[in-house]
Amino acid sequence: MTPDWPPLSYEKWSATCDTLHAHTQVLGKLAVELAPPEPQLQHAALRITARGWETLALPAPNGSGAIVAGLDLRTHETLVEHSDGRETRISLTPNRPVGEVTRETLEAVGRLAGEVRINPTPQEVSWEAPLDEDTEHATYDSDQVATYFTAAAQAALVLAEFRAAYRGRSTPVNAWWGTFDVAVAMYAGRPADPPAEDFSWRNGGDAQQIEIGWWPGDARYGMSAFFAFAHPSPESFADGQLSPTAARWEPELGEFVLDWEDIRESPDPHAQAIEFAHSAFVHACDVCEWDPVLARSAEGEPPPVN
């Protein structure tokens, strides 16, 4: 057992988790408004960095350069940085409501880079209060956030290593603010019909893909876990026997999962997670009839740097 893979279950930090999740949505809404649109909503994705969740460089609304908005989970602040060196930091503690932080964040963007308006309606969550009016989500336990970030950083490293060898189109390790997960998607190069009409699937589900990711759990599934799914996938997808042995199909989620607790006590949890990612990808490529040459490329080694 290693402190670098700490215990983490949604049930034990749900109030802080939901608050943090809501804060990430503000960053995502800024990316949606300011970044040049990309296929499968890639422009809206955030990144896990060494200090927390961040946008990529976004065009300043007034044309003055670039800005980055982020959550510094080491100092527990929202930050807005301009490429000219100016920055604003907004404290997330002690227990500040999401609505208050959201308004201050948008004001900071306005001062540094020009006014921007976002759609404040939260997405893919169970609550409905607009982000700039949300007084319900105000619990912020710094220790719980630090534990989460330790786990999320380890998961992001697993996913980065897994995707490195794939020769087809793939995403970076994205941090998704709707579902509050980190994930990487591989594409077959063929179109697909979105399985639902909601915003995320309507825009992100128009290509055949296999996604491997990790999330800290939620109200539906109280445990943190790695997950894997394919879109579209035949009914036989659920019949796969993945490795390690703790991996299983979770019918309520429609995904394969490998619970965090099932591997964090192993001698090498990183290797166990990589094994799950490869096993899920090989199974998905087989039943979804992907090009075998393309599929096998993910089992190789990244090319040498000459």
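Predicted model: local features only at pLDDT ≥ 70, side-chain atom pairs only at ≥ 80, totals over all residues.
Is His-43 buried or exposed? With a relative accessible area of 12%, under the 20% cut-off, His-43 counts as buried.

**Stop 1**

His-43 sits in the loop that runs between α1 (10-34) and β1 (47-48). Show the residues around His-43. Leaving out those up to four places away in sequence, His-43 touches Ala-31, Val-32, Ala-35, Pro-36, Pro-37 and Glu-38. Keep Glu-38 selected and display its backbone: the nitrogen there lies 3.1 Å from a polar atom of the His-43 side chain.

Now select Leu-41, which is in the loop between α1 and β1. Its phi is near 60°, a positive value in a residue other than glycine. Leu-41 has a relative accessible area of 12%, so it is buried.

**Stop 1: α1 against α3**

Select α1 together with helix α3, residues 142-163. The axes of the two helices come within 10 Å and cross at roughly 80°. Because of that angle, α1 counts as roughly perpendicular to α3. To see where they meet, show the side chains of Lys-12, Trp-13, Thr-16 and Leu-20 on α1, and of Gln-144, Val-145 and Tyr-148 on α3. The residues of this contact divide into 4 nonpolar, 2 polar and 1 charged.

**Stop 2: two cis peptide bonds**

Move to the loop between β10 (225-231) and β11, where Pro-232 lies. The peptide bond that joins His-231 and Pro-232 is cis, with omega about -10°. Next select Pro-244, also placed in the loop between β10 and β11. Ser-243 and Pro-244 are joined by a cis peptide bond too, and omega there is about 0°.

**Stop 3: Leu-253**

Continue to Leu-253, in the loop between β11 (248-250) and β12 (255-259).

**Stop 4: Glu-289**

Select Glu-289, in the loop between α6 (269-287) and α7 (292-297). Glu-289 is not a glycine, yet its phi is positive, at about 60°. Is Glu-289 buried or exposed? Its relative accessible area is 65%, over the 50% cut-off, so Glu-289 is exposed.

**Stop 5: the whole chain**

Zoom out and colour by secondary structure. The protein chain has 7 helices and 12 strands. Its radius of gyration is 19 Å, close to the 19 Å that the globule rule gives for 306 residues, so the chain is as compact as a globular protein of that length. The C-alpha trace spans about 50 × 45 × 40 Å along its principal axes.

Switch to a view coloured by accessibility. Of the 306 residues, 56% count as buried.

Key: Residues numbered from 1 in each chain as written. Heavy atoms only, no water. Helix = DSSP H or I, 4+ residues; strand = E, 2+ residues; numbered from the N terminus. Buried < 20%, exposed > 50% of the residue type's maximum accessible area, 1.4 Å probe, protein only. Polar contact = N/O pair within 3.5 Å; in protein donor to acceptor, adjacent residues only side chain to side chain. Contact = heavy atoms within 4.5 Å. Axes fitted to C-alpha atoms, helices over the stretch in contact; angles between N-to-C directions. Parallel < 35°, antiparallel > 145°, perpendicular 65-115°, else oblique. Nonpolar A, V, L, I, M, F, W, Y, C, P; charged D, E, K, R; others polar. Rg over C-alpha atoms; globule rule 2.2 N^0.38 Å.
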